[in-house]
Amino acid sequence: MEAVGSDSDGREFKNANEMWKEEIGEEGEADKKQEWYRKGVGYWENVEASVDGVLGGYGLVNEADVRSSEAFLKTLLVERFGSAGRHLVALDCGSGIGRVTKNLLLRYFNEVDLVEPVSHFLEAARENLAPENCMISDTHKAVNFYCVPLQEFSPEVGRYDVIWVQWCIGQLADDDFISFFKRAKAGLKPNGFFVVKENIAKNGFVLDKDDRSITRSDLYFKELFNQCGLHIWKIKDQKGFPKELFGVKMYVLTIDLPKRVDGSRKKMKSYKPAVIKS
Ligand SMILES: C[S@@+](CC[C@H](N)C(=O)[O-])C[C@H]1O[C@@H](n2cnc3c(N)ncnc32)[C@H](O)[C@@H]1O
């Protein structure tokens, strides 16, 4: 991956390989990589289990975030699964305190599982999503709470309609990013898809030395998705966030080239010369 990047102290890197070599070492240097993940989780272990905490002090973006995700998700579900009452199951990755599950996923999915490595976040999620604290019907509930980091997680085969990955994939090194998505593909039902909602660097990448995460550029993400063997079905930009924040994109990824729900192929625009029919 050739990309010019920098870290949160302003240090510049020639490319991502140079940064990864320093941060996680070379193949076979397992200790260094473990240290990267230990520091990442260690950072979040000292963060308050609240909306403001998991949003890095920007709890105020919660509403705009959920609103945009919801508008997008609604159209995706209809286009992909039709409007018939299908039993829907989602996985919330790097779920934190269950913010996305509570405000969004549980309203559309009958079952939601959460995977999160920081135990006090997951405990808060369990409490936030308990029936007495989460006014959702009996047919919409949080089911499994897995306390595992994504680089070690393999989802149950064929369980999920949607795997939602938001504001957490930057914690994973490139090789673990790729192997996570490769394993996670097996977790999708036929026609299922991933939504990846993440901060986007203008160029290359930005390494955050505090929480050991990396913000990748759009091009960087696209190269990694390609290496995962995933197709980008749709992309949408998040609007309405404070100007000082990174831009945010939602990528919808499928295993196969997307077909419409009626089975027809998307009509392609043809740019070759053609006779004007009068
Ligand atoms: C910015 S918070 C976002 C939480 C949640 N996705 C949300 O949008 O409210 C980042 C989350 O990633 C989790 N995280 C850190 N390292 C991780 C890893 N290796 N695998 C999965 N999640 C991780 C953190 O514990 C934290 O809950």
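What percentage of the 278 residues in the chain do buried residues make up?

## Overall picture

The answer is 33% of the 278 residues. Keep in mind that this is a predicted model. The chain is built from 8 helices and 11 strands, and its C-alpha trace spans about 65 × 55 × 40 Å along the principal axes.

How does the radius of gyration fit with a compact globule? For 278 residues such a globule would come out near 19 Å, and the chain has 19 Å, so the two agree. Contacts tell us about the fold too: taking those with a separation of 6 or more, 68% are between residues 24 or more positions apart.

## Around the ligand

The ligand is surrounded by 22 residues, and the closest are Trp 44, Gly 94, Gly 96, Pro 149 and Cys 168. Sorted by class, the shell has 13 nonpolar residues, 7 polar ones and 2 charged ones.

Two helices to look at here are α2 (30-45) and α5 (99-108), each of which supplies at least two residues of the shell. The biggest giver is α2, with 4 residues.

## The nonpolar core

The largest nonpolar core holds 59 residues, and the members that touch the most others are Ala 90, Ile 163, Trp 164, Val 165 and Val 195. Setting aside neighbours within four places in sequence, Ala 90 is in contact with Leu 105, Phe 109, Val 112, Tyr 160, Asp 161, Val 162 and Trp 164.

## Leu 73 in helix α4

Now for a residue in α4, the helix that runs over residues 62-81: Leu 73. Is Leu 73 buried or exposed? Leu 73 has 21 other C-beta atoms within 10 Å, and a residue counts as buried at 20 or more, so Leu 73 is buried.

Not counting residues up to four places away in sequence, Leu 73 touches Leu 104 and Tyr 108. Asp 208, by contrast, is 135 residues from Leu 73 in sequence and 29 Å from it in space, C-alpha to C-alpha.

## Helix α8 and its buried face

Helix α8 covers residues 218-228, and Tyr 220, Phe 221 and Leu 224 in it are buried. Looking down the axis of α8, these buried residues fall within an arc of 95°, so they line one face of the helix.

What do the buried residues of α8 pack against? Their partners are α7 (174-185) plus the strands β8 (205-208), β9 (213-216) and β11 (247-254). After α8 comes Gly 229, with a positive phi near 75°.

How values were computed. Residues numbered from 1 in each chain as written. Predicted model: local features only at pLDDT ≥ 70, side-chain atom pairs only at ≥ 80, totals over all residues. Near = placed C-beta within 6 Å. Nonpolar A, V, L, I, M, F, W, Y, C, P; charged D, E, K, R; others polar. Core = buried A, V, L, I, M, F, W, Y, C linked by C-beta atoms within 7 Å. Buried ≥ 20, exposed ≤ 12 C-beta atoms within 10 Å, placed from the backbone. Contact = placed C-beta atoms within 7 Å. Arc of directions from axis to C-beta. Rg over C-alpha atoms; globule rule 2.2 N^0.38 Å.
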